[in-house]
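Have the sequence and the 3D view ready.

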Amino acid sequence: MTTPQPYGAPGAPAQTDKTNVLAIVGIILAFFVPLVGVILGFVARSQIKRTGEKGSGLALAAIIIGLALIVIGIITSVVLGIAAANSGVSTY
């Protein structure tokens, strides 16, 4: 008995209705732990290309949101550090 082959180009991954779990977890974690969200977004996109699962947009959103929050955090840290250095308050 042979297994039925999916329609499409030979060697192309079969399209499934399943959404990639790492893409879902990545978009959630992008708001709480941005670096982990970015990493999971990249891993999810790689898996989606290989398996044909849904969730490419979620993975891309996790990457974008995670990177944006990381940049905002760095800018905020620098601004607060400069403000603290210029406040004139001495700890001595």
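## Two helices side by side

At what angle do helix α1 and helix α2 pack, and how far apart are their axes? Helix α1 (residues 21–32) and helix α2 (residues 34–51) pack at about 160°, and their axes are 7 Å apart. Axes here are lines fitted to C-alpha atoms over the stretch in contact, with angles from 0 to 180 degrees between N-to-C directions. So α1 and α2 run roughly antiparallel to each other (that label needs an angle over 145 degrees).

Who does the touching? From α1 it's L22, A23, V25, G26, L29, A30 and F32, and from α2 it's P34, V36, G37, L40, V43, A44, Q47 and I48 (contact means heavy atoms within 4.5 Å). Sorted by type, the residues of this contact are 12 nonpolar, three polar and no charged; Gly counts as polar here.

## The whole chain

Now zoom out. The protein chain has three helices and zero strands, in the order α-α-α from the N terminus (helices are DSSP runs of H or I with at least four residues, strands runs of E with at least two).

Of the 92 residues, 21% are buried, meaning under 20% relative accessible area with a 1.4 Å probe. The chain exposes about 6700 Å², with 71% of it supplied by carbon and sulfur atoms.

## About the model

This is a predicted model, where local features need pLDDT of at least 70, side-chain atom pairs count only at pLDDT 80 or more, and totals for chains, interfaces and linings use all residues. Residues are numbered from 1 along each chain as its sequence is written, and side-chain values use heavy atoms, leaving out hydrogens and water.

How values were computed
Buried means under 20% relative accessible area, exposed over 50%, partly exposed in between (1.4 Å probe, protein chains only). Accessible areas come from the Shrake-Rupley method with a 1.4 Å probe; for residues, only the protein chains shown count as cover. Angles under 35 degrees count as roughly parallel, over 145 as roughly antiparallel, 65 to 115 as roughly perpendicular and the rest as oblique.
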